[in-house]
Amino acid sequence: MRIVVVGASRLGRATIKALLEKGHDAVLVDKSAERLDAMADELDCGMIEGDGTFPQILTDAFGDGADGLLLMTNHDDVNILAAVVGRSIGYERVTLQIVRPELLSICEELGLEDIVTPHVTVSQSIIRSLEDDADVWTQLDATDDLHFGRYDVPADLDGQTLGALDLPGNARAVAVLEDGKQASTDPDTSLAEGQTIVIATSQDHRGALDEVFSGTRKNS
């Protein structure tokens, strides 16, 4: 794959490193030449100095084609604007980081579905750990290999409770969505065909999750 990442933030740098380790091509876009120069020795990827919200910059980064655009700056408004611009240019898949939950409704109205909310995810992990009397730090460390998948509830799981799902390993349901609204993620929540479940898990459990939901994984 060839992926364009906008924003040399901590998450942006980590994402670039992970892409390169997997053998993918990556291009990093950032407004700061100083930041890009500082990372040139550690990141063997293309680098473009410029504003990721400008169509010409994203067009240059797109080049002969790109499989995805990741907006990882620390500014939600920049990420949203760049996502809209990137989609208009023709990026097949656009994923953005959103820190402020109140902006999620705007993303929904704009049709931006692939969203990373790191602060919300970590806070939820902390609360669950406290409620379960588990080790908070173990769960926080695990976020480095945390992946998200959206699965449609198939007919054979209609009426089954969330807690009864045979989820592999550390997989956890973080949201149950129906008609754009969130339902409870309590273990006794009854599932209905057509609902969407957002599940967080490690990379090596994704295949098992696909089997649980009969291959209905939408994206991650």
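Analyst: Of the 220 residues in the protein chain, 41% are buried, where buried means under 20% relative accessible area, exposed means over 50% and partly exposed is in between (1.4 Å probe, protein chains only). This is a predicted model, in which local features need pLDDT of at least 70 and side-chain atom pairs count only at pLDDT 80 or more, while totals for chains, interfaces and linings use all residues. Residues are numbered from 1 along each chain as its sequence is written, and side-chain values use heavy atoms, with hydrogens and water left out.

The protein chain has 8 helices and 10 strands; these are DSSP runs numbered from the N terminus, helices being H or I with at least four residues and strands E with at least two. Taking contact to mean heavy atoms within 4.5 Å, 58% of the contacts between residues at least 6 apart in sequence join residues at least 24 apart.

Now to the interior itself. A nonpolar core here is a set of buried Ala, Val, Leu, Ile, Met, Phe, Trp, Tyr and Cys residues joined through side-chain atoms within 4.5 Å. The largest such core has 23 residues, and V4, V29, L69, L71, Y91 and L96 have the most contacts inside it. Two or more residues each come from β1 (2–6), β2 (25–30), α3, β4 (68–71), α4 and β5. Another core lies apart from it, with 14 residues, among them L157, L165, V176 and F213.

Leaving out residues up to four places away in sequence, L71 touches V6, N79, A82, A83, V94, T95, L96 and Q97. In strand β1, 4 of its 5 residues are buried. β1 pairs with β2 in the parallel sense over 5 bridges, pairing being called when DSSP finds at least two bridges between two strands.

The side chain of D30 makes a polar contact with the side chain of R35 at 2.8 Å. A polar contact is a pair of N or O atoms within 3.5 Å; within protein, one must be able to donate a hydrogen and the other to accept it, and residues adjacent in sequence count only if both atoms are side-chain atoms. Setting aside neighbours within four places in sequence, D30 is in contact with G7, A8, R35, L36, I48, E49 and G50.

Next, the rings. Rings of Phe, Tyr and Trp (its six-membered ring) pair if their centres lie within 6.5 Å, with planes under 30 degrees apart counting as stacked, over 60 as edge-to-face and the rest as tilted. That rule gives 2 aromatic pairs. In F62 and Y91 the ring centres are 5.0 Å apart and the planes stand at 85°, so this pair is edge-to-face. It links distant parts of the chain, with F62 in helix α3 (residues 55–62) and Y91 in the loop between α4 (76–89) and β5 (94–97), 29 residues apart. Y91 is itself buried, at 4% relative accessibility.

Strand β10 (196–202) is worth a look too. All 7 of its 7 residues are buried. T196, V198, A200 and S202 point one way, and I197, I199 and T201 the other way. In a regular strand the side chains alternate between the two faces of the sheet. β10 pairs with β8 (residues 172–178) in the antiparallel sense over 5 bridges, and A173 has I199 as its bridge partner in β10.

Q195 sits in the loop between β9 (181–183) and β10 and is buried, with a relative accessible area of 5%. A polar atom of the Q195 side chain lies 2.8 Å from the backbone nitrogen of A192. Apart from neighbours within four places in sequence, Q195 is in contact with Y151, D152, V153, V176, L177, E178 and S190; V176 is also one of the members of the 14-residue core.

Finally, the cysteines: C45 is buried at 16% relative accessible area, and C107 is buried at 0%. The structure holds 0 disulfides, a disulfide being a pair of cysteine sulfur atoms within 2.5 Å.
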